[in-house]
Amino acid sequence: MRKFNVTGNCVKNKHYMVDISEKLKKIKAMVDEECYFTINRARQYGKTTTLYLLQEALKSEYVCIKTSFEDAGDNMFSSEQDFCKALLKRLDDATQEMYNDTNIIWANDEVTDFTKLGGHITNICKENKIVLLIDEVDKSSNNRIFLHFLGLLRAKFLKRNGNNTPTFHSVILAGVHDVKNIKQKMITAGTHTQSSGEGIYNSPWNIAAAFDVDMSFSAQEIETMLLDYESEHSSKMNKTEIAQEIYDYTSGYPFLVSRICKIIDEKLEQDWSRKGVQEAVKILLEESNTLFDDLHKNLENNEELSKLMYGLIIIGGRVSFNWANPIISLGNMYGFIEKRDNKAVVSNKIFEIYITEYFISKEETEKIGKTPTEVEDVVNGKQFDMETCIRKFAQHYYEVYNKKDIEFLERHGRLLFLYHLKPLINGVGFYHFETETRNSRNMDIVVDYNQQQFIIELKIWRGEEYKKKGYEQLLDYMSAKNAKEGYLITFDFRKETNKERWEKWVEFDDGRRVFDVMV
């Protein structure tokens, strides 16, 4: 029986797989055009599986050799001779494993430096159209020897186009870090010292073509995996609806898609419903995995990146997406953010929730405040009383934080509500943000608790006109969700001591109503 796979590459006869044939066609077109390029994507984004499937798609037309530097030790990069010997051994093993072809012999004891390696590559490529794929390339990218190897590939690429000297037909490197910026990475890591007049960005990989293939899964592509699953099961799921629900939480991030499916299949008794997807998301957010470990590590190790994510998620700020901004570029490389309508936005709801939980946890350890509300105050059986929850938050906020300075409130206001909400829904419900409706003035939170769903808008007081817009936005979103009730919390950071506070239900002619709170 096949399974959903979240470790290593996927294999058709062992795992349920998304049909990425259209993506492979686009990548093959680049190979046919003799491009050199890098598949530069975040951790667990399907790079290894893509290379495996690409090799299968190319092997009848090209000699397609796939290797990896993941397990390469320091000895491989100690000298040109050691590197050449180890590289040729890897290429030999990969060729024999794929083709069992004794006519292509890479191993050659006379190849002891890059000059001889270049000649050796030319000789072999005279009779063969060879495509070289190297996975996990950034695992070795702090090595000066590897930098020289890229320079060799670049030089031979230019000679091929200049005087038709044979070399690799196409070279594909796969990794998290952008190999074009490898020198900057080496300088930062202390493994390369700039000489006088040497630039940071004059990369030996500047001959690489832009790789614009979208590696995320669309809802339609996710549906192909569910169809694959249905070929062996009779779950009678609504594949289109479930694929869309999974996409809404993951934005097609390959690991997250497969992990949700795996949880539903193995832990939730194959509950292929919208509720099942939500339960799987909740389980996923509570577990420790290598992807979340990387997210946490990258936030801890980069203060500027952490500030960017706090601004986007908690403050609700808007930031232009500009590749020249190193923090924006870094956030995109790690998979935290993506470009949408020329703005930097969090890549998916799961990351948004996970990173929010990270910030809440940080505030808890710093004792930002303690909510006096107990679960029993707002939970009656399986029903959650959101009105009482918000009333108690408003009261506690006014008593504890009203005298705080504006800078504190601007930074922490929204986080304080989430900090208040989290322990009350923990274990049963969860929340997520609606990134499409958020702008610099408001943030929509959707809370799911058992069969209940609550829509809450958080906004900052900017005058009556903004308040009217806040109502319009909330009502529009309520319509999209077919909700009869909504909740509006407005933070008033003005210094006046006679600021008006209120907690009231506002009724509308169409039967809908909004619980409006000013804090």
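Is the crossing of helix 1 and helix 2 right-handed or left-handed? In this predicted model, the crossing of helix 1 and helix 2 is right-handed.

**Helix 1 with helix 2**

- Helix 1 covers residues 21-32, and its axis comes within 10 Å of the axis of helix 2, with a crossing angle of roughly 65 degrees.
- On the helix 1 side, the contact is made by Leu24, Ile27, Lys28 and Val31.
- Helix 2 answers with Thr50, Leu53, Leu54 and Leu58.
- Sorted by class, the contact of helix 1 with helix 2 holds six nonpolar residues, one polar and one charged.

**Helix 4 with helix 5**

- Helix 4 (residues 114-125) and helix 5 (residues 144-163) have axes that come within 11 Å and cross at roughly 45 degrees.
- Helix 4 and helix 5 are therefore oblique to each other.
- Their crossing, that of helix 4 and helix 5, is right-handed.
- From helix 4, the residues that meet helix 5 are Phe114, Leu117, Gly118, Ile121 and Thr122.
- From helix 5, the partners are Ile145, His148, Phe149, Leu152 and Lys156.
- The contact of helix 4 with helix 5 is made up of six nonpolar residues, three polar and one charged.

**Helix 12 with helix 13**

- The axes of helix 12 (residues 303-315) and helix 13 (residues 326-333) cross at roughly 80 degrees and come within 10 Å.
- That angle makes helix 12 roughly perpendicular to helix 13.
- Here Glu304, Leu305 and Leu308 of helix 12 meet Ile327, Ile328, Leu330 and Gly331 of helix 13.
- In the contact of helix 12 with helix 13, five residues are nonpolar, one is polar and one is charged.

**The second largest pocket**

- The second largest pocket holds about 680 Å³ of space.
- Its lining, that of the second largest pocket, consists of 32 residues.
- If you want to find the pocket on screen, the lining residues that lie nearest its centre are Gly8, Gln44, Tyr45, Gly46 and Lys47.
- Three helices each supply at least two residues of the lining: helix 2 (47-58), helix 9 (254-267) and helix 11 (290-301).
- By class, the lining of the second largest pocket has 15 nonpolar residues, 10 polar and seven charged.

- What does Thr388 contact, leaving aside its neighbours within four places in sequence? Thr388 is then in contact with Asp377 and Val378.
- Thr388 and Asp377 are 11 residues apart in sequence, while their C-alpha atoms are 7.6 Å apart in space.

How values were computed. Residues are numbered from 1 along each chain as its sequence is written. This is a predicted model: local features need pLDDT of at least 70, side-chain atom pairs count only at pLDDT 80 or more; totals for chains, interfaces and linings use all residues. Side-chain values use heavy atoms; hydrogens and water are left out. On a 1 Å grid over the protein atoms alone, a cavity is a set of points where a 1.4 Å probe fits but cannot get out, and a pocket is an open set with protein on both sides within 12 Å along at least five of seven lines; lining residues have an atom within 4 Å of a point. Grid points are joined across faces, edges and corners, and a volume is the space filled by probe spheres set on the points. Helices (H or I, at least four residues) and strands (E, at least two) are DSSP runs, numbered from the N terminus. Ala, Val, Leu, Ile, Met, Phe, Trp, Tyr, Cys and Pro count as nonpolar, Asp, Glu, Lys and Arg as charged, and the others, Gly among them, as polar. Axes are lines fitted to C-alpha atoms, for helices over the stretch in contact, and angles run from 0 to 180 degrees between N-to-C directions. Angles under 35 degrees count as roughly parallel, over 145 as roughly antiparallel, 65 to 115 as roughly perpendicular and the rest as oblique. A crossing is left-handed if the near helix is turned anticlockwise from the far one by less than a right angle, and right-handed if clockwise. Contact means heavy atoms within 4.5 Å.
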